[in-house]
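Please look over the sequence and the structure before reading on. The paragraphs below then go through the structure part by part.

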Amino acid sequence: MTDRTTDTSVVVIGAGQAGLSVAYYLRRLGLDPGNDFVVLDRGPGTGGAWQFRWEALRLGYAHRVNDLPGMEELGVSFDTADRHAPARDVVSDFYRRYEEHFDLQVVRPANVTKVESTLDGFIVHFEGEHGPREVTAKVLVNATGTWGSPFVPWYPGMNDFRGRHLHTTDYVDAAEFADKDVVIVGGGTSAIGFLMELENVAKSLTWVARRPIVFLEDQELNIEAGVSAVALQDAAAREGRALPSIVSTTGVPRSRRIQAAIDRGLLRARPMFASVEADGVRWSDGSFQHADAIIWSTGFRPELRHLAPLKLREKEGGIGVGGGASWRNARVFFAGYGPTASTIGANRAGRTIARQVVATLSSLEQR
């Protein structure tokens, strides 16, 4: 991509699990990376959102990371990966080797700022290493995930808090909270991970959640729960509604590590506080907890701001997507969105979306 404007058939935005899966299958179907399709990724390195996660996080502490399609050719697997190394380093290394092995020619850093419609397709604007650039394409695949769009709910008094507010994306190291009173908000694996990391570091820990925590009897997410969660995500996507939280529809697997924390009394969540005050949080019954920091492990929303010019949103607040394609623009596909947000779902959707993309290109050529 040496010219300021480069024409290609397909632009894939994002090189995480979903984007790389689509790219792999596009290549398998005969499209040439760097020519017939271009992958843009805003991260400074490989690994998708994993490259930004905190150093102490290890594989096996969070949701399972499934192998990318074709990864067996590299002779590596997340099932047998090093459980002692930081997860971000393992994932980044595997993804780097994957991109190189299949010559996917990912362009980075490439922060997509907006996508505009044209008579022939799209203009994708992005900030590159040498400033603003753009690339035109006939078909768009959005695989941006959610990491760049953290969600923090609003509560009365939040702006009055004199301590530190931070989201999961801001968490770096447990040592920052030594001898601090910490309130952790959220009901998922990240919140639970923070509780376990800070257990013997912080002065005090208070866990609060917006809904009761359901601990599953299984050590891993069972198939029935997974199917139910996917169905709910798919229904919301098809109807153009805001996507529900995964953990709210599945519960938390009761791994040995989590069970041990339950047994020692660490994982006992209080209901959500009513307000935030200068020095802590207050519940509706009048009780108060001093806090030096509030960690908002409250999830994410799909990162879609760059697609605003395409006017894809429905009145229900979300984007209508069925079978991976936008209801409002049949040339826009979504990978890693809604029912395909899980790592295994992203792999399956990658194949389906790649086939649809190739079929769309064939139909356009026949016009």
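Glu116 has a relative accessibility of 28% and counts as partly exposed, a class that lies between buried (under 20% relative accessible area) and exposed (over 50%), computed with a 1.4 Å probe on protein chains only. Its salt-bridge partner is Lys114, with 3.7 Å between the closest N and O atoms; a salt bridge here is a side-chain nitrogen of Lys or Arg within 4 Å of a carboxyl oxygen of Asp or Glu. Lys114 is partly exposed too, at 34%. Elsewhere, salt bridges with shared partners join Asp93, Arg96, Arg97 and Glu100 into one network.

The model is predicted, so local features are given only where pLDDT is at least 70 and side-chain atom pairs only at pLDDT 80 or more, while totals for chains, interfaces and linings use all residues. Residues are numbered from 1 along each chain as its sequence is written, and side-chain values rest on heavy atoms, without hydrogens and water. The predictor's confidence in each residue, pLDDT, runs from 0 to 100; the protein chain averages 88, and 86% of its residues reach at least 70. A contact means heavy atoms within 4.5 Å. Where pLDDT is low, the predicted coordinates should not be read in detail.

The protein chain has seven helices and 18 strands, taken as DSSP runs (helices H or I, at least four residues; strands E, at least two) and numbered from the N terminus. Of its 367 residues, 51% count as buried. Among contacts with a separation of 6 or more, 68% link residues 24 or more positions apart.

Five strands make up an open parallel sheet in the order S8-S15-S9-S10-S11; two strands pair if DSSP finds at least two bridges between them. Strands S8 (164-167) and S11 (270-271) stand at the edges, and because each has a single partner strand, one side of each is left without a neighbour in the sheet. Strands S9 (residues 181-185) and S10 (residues 204-209) pair over five bridges in the parallel sense. One of the residues involved is Asp181, whose bridge partner in S10 is Ser204.

Helix H1 (residues 17-28) has 12 residues, which should span 16 Å at 1.5 Å a residue; its end C-alpha atoms are 17 Å apart, in agreement. The expected span is 1.5 Å times one less than the number of residues. H1 is mostly covered, with 10 of its 12 residues buried, including Leu20, Val22, Tyr24, Tyr25 and Leu26. After H1 comes Gly30, with a positive phi near 105 degrees.

The largest nonpolar core holds 69 residues, and Val10 and Leu267 have the most contacts inside it. Such a core is a set of buried Ala, Val, Leu, Ile, Met, Phe, Trp, Tyr and Cys residues joined through side-chain atoms within 4.5 Å. H1 gives the most to this core, with seven residues. Leaving aside residues up to four places away in sequence, Leu267 touches Ile192, Leu195, Trp207, Phe215, Ile258, Ala261 and Ile262. A second, separate core has 23 residues, among them Val38, Val124, Phe126 and Val321.

The salt bridges come to 14 in total. In helix H2 (residues 87-101), Asp93 and Arg97 are four residues apart, which separates them by about one helical turn, and their closest N and O atoms are 3.3 Å apart. Asp93, at 25%, is partly exposed, as is Arg97, at 31%. A further salt bridge joins Glu55 and Arg58 at 3.8 Å, N to O. Of these two, Glu55 is partly exposed at 33%, whereas Arg58 is buried at 16%.

Some backbone features remain. Arg108 and Pro109 are joined by a cis peptide bond with omega about -10 degrees, and Pro109 lies in the loop between H2 and strand S4 (111-117). The loop between H2 and S4 also holds Asp103, which has a positive phi of about 50 degrees although it is not a glycine. Asp103 is partly exposed, at 43%. Lys311, not a glycine either, has a positive phi of about 55 degrees. Lys311 lies in the loop between strand S15 (293-296) and strand S16 (321-322), and its relative accessibility of 66% makes it exposed.
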